[in-house]
Amino acid sequence: MIEFKNVSKVYNGGVKAIDNVNFKVENGEFVILIGPSGCGKTTLLRMVNQLEDISEGDIILNNTSVKQSNKIEMRRKIGYVIQSNGLFPNMTIEKNVMIVPDLLGWDRKKQQDRFNYLMELIGLHPDEYRKRYPHELSGGQQQRVGVARALAADPPVMLMDEPFGALDPIIRTKLQEEFLQIQKEVNKTILFVSHDIDEAVKMGDKVALLRGGKMMQYDYPSEILHHPANDFVSEFVGQDRVLKSTSLYSVKDLVDEVSLDSYHEADSAQPVNEDTSLRIVISKLLNQEADQLVVEDKQGNKKGKLTLELVEKFLHKEVKETPNR
Amino acid sequence: MMNKRISQIVKIAFWIIVIAFFAWTFANDLFRPIVEEFRTFTNLLIQHITIVLISGLLAIFLSIPLGIFVTREKFRKSEFWIVNIANLGQTIPSLAVLALAMGFLGIGIKAAIVALFIYSLLPILQNTIAGIQSVDENMKDAARGMGLTPAQILWQIELPNAASSIIAGIRTAIVINIGTAALAYLIGGGGLGAWIFTGIRLFDNSFLISGAVPVTLLAILIDYLFRLMQKLLVPKGLRLAEEAQKS
Amino acid sequence: MQTIIDFFNYFSNNYSQILEYTVEHVQLVGLAIIISILIGVPLGIYLTTNEDLAGTVLQISSIMMTIPSIALFGIMIPILSTIGQGIGFLPALIALVLYSQLPIIRNTYTGINNVDPNIRDAAKGLGMTTMQRLLKVEIPNAMPLIMAGIRTATVLNIGIGAIAAYIGAGGLGSLINQGISRSNNTMVLVGAVVVSILAILVDYLLKYIEKRFTPKGIKN
Ligand SMILES: Nc1ncnc2c1ncn2[C@@H]1O[C@H](COP(=O)(O)OP(=O)(O)O)[C@@H](O)[C@H]1O
Ligand SMILES: [Mg+2]
């Protein structure tokens, strides 16, 4: 658990980068720090692993104040990924990934097993990449290796500063999805900086929105989208915030809330399964080809008909009532 | 196609000149002193190399630690001054440095070694600082964030990444040293300069050539060896990084 | 202390002689640099159109640079004495010109090659001829680097010019030369200090000009 208690940061030049911030990240939670450029996201993140001093207040990491911890030991228990991957060009991929386990004195066999496991996890063939150097890899591959390196010593906590920010949109989306899969397996406590609201909504269990060093709202993505705390938040998430929220829900969420229309064999309708996101459903429905869809469960049983009206009804319900995911 | 042809012609012309030069020296028996006074020649050569080696090694052992020292966070302020002094020092002509050393320390090999030592400090120091400074801040930040100690960052990140630049500095220093050591004769330092200056004084071409050609070959050989070492010692990953940056 | 007093005494007693040597020194270096610019800059520009030749020329001139200056004199004297010019101004001038080539050619070549391809494309798009492009776009953009090369060459030449006194080319090296042979320490020190100051001053002066030559838009 990471707990921020009245944290403030004033830089030497007098810039107040963080202003009395309070929030908690529970174990296993994936929290996105977001806000406009210069709002203090990086500063806040770097105070956790003490790359920056805390001017006022404290950060409690697993029941210990980070100020009191031994910096070097603490950092080895925190995974750290930055935008410009920070891989060491003089070391092979294996050396790069295994640098912290090596510092911790793991034996050769344990390191090798861990390397193989991590490389499989990030989708790169261990033997193919073991002896390669960072500059022989593409940007996306380098960033994957950066993630593997941060995970190497199995730290309970990960700090990630716009890890996919420098990648082109297609690769970024791919890595986001891969990383969500990885998180399902490793279940870390993650603090993740982003400036992209779509990324935040898609990936975060919770979103912390900063502005000028102050916390604007800290809540579930659906709450941020449906119940922005103030004008700044609603402006930041954008006019299309309801549309954005549709990627948060799947067909199954809708089926749980509203009942589907009954389905007749005679109806012509494209099938969708229950895991499909509502965003895709809407897109399909707006597409000329089909004004209704038929929902199928995993066994292929047709459960009923889905129309735009039903989606609208569901969203109205969600926006008005307070959902708790 | 045409371009390649011109380049080849220039290359061939260069080698023809080199070969013609050596043919001419042999035809006129200009290497006679080396054969006739082989003892003296080896002594001068050894003297020459000794001066270069002692001053060079001293310079390496002082300037690399100094370069590391001034690039530490705490001493960043001194860095500006050191870099400027190193720049300034390198504009001073080598003959002047020798003359100054003699003015203060008198005639002899000691003054020569001191002069060469001071003169070779500067390029090594400059390149050590530049090499360490050029290490990407983000990379060091990542290293700190992963819990590497400052010493580990120095040995595993900064020095390997600065190695190419440091070796280049040593190469520059040693090659300049070989030339300056040829002037050391003037202040009583011995070395192959003895024959060159004797040749000038006596208008004796054979002494000129027997002194100048070995010094030249020594400089070119050492330069080549250091370039080779730069290639071999620099980690493969870094060479790839350099190439990636160029393209 | 005595050394310092001697130093200034010598300086004021031999003021005009020192000035004369300085003028000689500056003339030798100045002439060498002008010739070097006239050869090196056009050659550097031409090399940007011929990559193979660029590699060869840069390689040859970098070998040239590793030859110690006194050794080069030692090699040149016998060769030039076949035309009766073994010692004096000419061999010194030739050596200085040779040593200036690498910094000037390399910096001109790199400077012009480094001009942003987009800028070059834009100039082409505006319908400039190759010559116009060179004069209006490429050379101005490469100017800071070319000037830096000229500065390196000049400072280097002041040092080698001092050594050239030993082959009878005159200049400030003469003070050191005569001082050593007469065991006159003060004279040696004066020679060393004056030639050092000359090098440092010229370095600063050319750095200043370099800054003036940098188009406002590309200063960073
Ligand atoms: N080392 C520093 N010294 C002084 N001011 C800084 C430093 N680092 C960041 N700042 C300032 O602190 C504020 C927050 O910066 P940062 O945390 O990097 O923002 P973000 O990551 O959200 O873009 C900015 O105004 C920035 O200029
Ligand atoms: Mg940031």
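1. Start with helix 7 of chain B, residues 137-145. Arg144(B) and Asp141(B) both sit in this helix, three residues apart, so about one helical turn separates them. Their side chains form a salt bridge, with N to O at 3.9 Å. The cut-off is 4 Å, so this pair counts. Keep in mind that the model is predicted.

2. How exposed are the two partners? Arg144(B) has a relative accessible area of 29%, which makes it partly exposed. Asp141(B) has 8%, and that makes it buried. The line for buried is drawn at under 20%, so the two residues fall into separate classes.

3. This pair also belongs to a network of salt bridges. Which residues does the network link? They are Lys9(A), Arg46(A), Glu52(A), Asp141(B) and Arg144(B). Note the chain letters: the network has members from chain A and from chain B.

4. Move along chain B to helix 10, residues 205-233. Arg227(B) and Asp223(B) both lie there, four residues apart, or about one turn of the helix. Their side chains meet in a salt bridge of 3.1 Å, N to O. Arg227(B) is partly exposed at 38% relative accessible area. Asp223(B) is buried at 8%.

5. Glu178(A) and Lys174(A) lie in helix 8 of that chain, residues 169-186. They are four residues apart, about one turn. A salt bridge joins their side chains at 3.4 Å, N to O. Here Glu178(A) is partly exposed, at 23% relative accessibility. Lys174(A) is partly exposed too, at 46%. Side chains of opposite charge can pair when their charged atoms come close. Over all chains, the count of salt bridges is 31.

6. Now chain B as a whole. It has eleven helices and zero strands. Its C-alpha atoms fill a box of roughly 70 × 60 × 30 Å along the principal axes. Of its 247 residues, 52% are buried. Take the contacts between residues at least 6 apart in sequence: 75% of them join residues at least 24 apart.

7. The surface and charges of chain B come next. Its accessible surface is about 12,100 Å², with 70% belonging to carbon and sulfur atoms. There are 19 positive and 13 negative side chains. The centres of these two sets lie 2 Å apart.

8. The accessible surface of chain C is about 10,300 Å², and 63% of it belongs to carbon and sulfur atoms. Chain C carries 12 positive and 10 negative charges.

9. Finally, look at where chain B meets chain C. How many residues does each chain bring to the contact? Chain B brings 42 and chain C brings 41. The size of an interface is often given as the accessible area lost when the parts come together. Chain B and chain C bury about 3,600 Å² between them. Carbon and sulfur atoms hold 80% of that area.

Note on methods:
Residues are numbered from 1 along each chain as its sequence is written. Chains are lettered from A and ligands numbered from 1 in the order in which they are written. Side-chain values use heavy atoms; hydrogens and water are left out. Helices (H or I, at least four residues) and strands (E, at least two) are DSSP runs, numbered from the N terminus. Buried means under 20% relative accessible area, exposed over 50%, partly exposed in between (1.4 Å probe, protein chains only). Contact means heavy atoms within 4.5 Å. Accessible areas come from the Shrake-Rupley method with a 1.4 Å probe; for residues, only the protein chains shown count as cover. Lys and Arg count as positive and Asp and Glu as negative; His and the chain ends are not counted. The place of a charge is taken as NZ of Lys, CZ of Arg, CG of Asp or CD of Glu. Buried area is the accessible area (1.4 Å probe) that two parts lose on being put together, summed over both.
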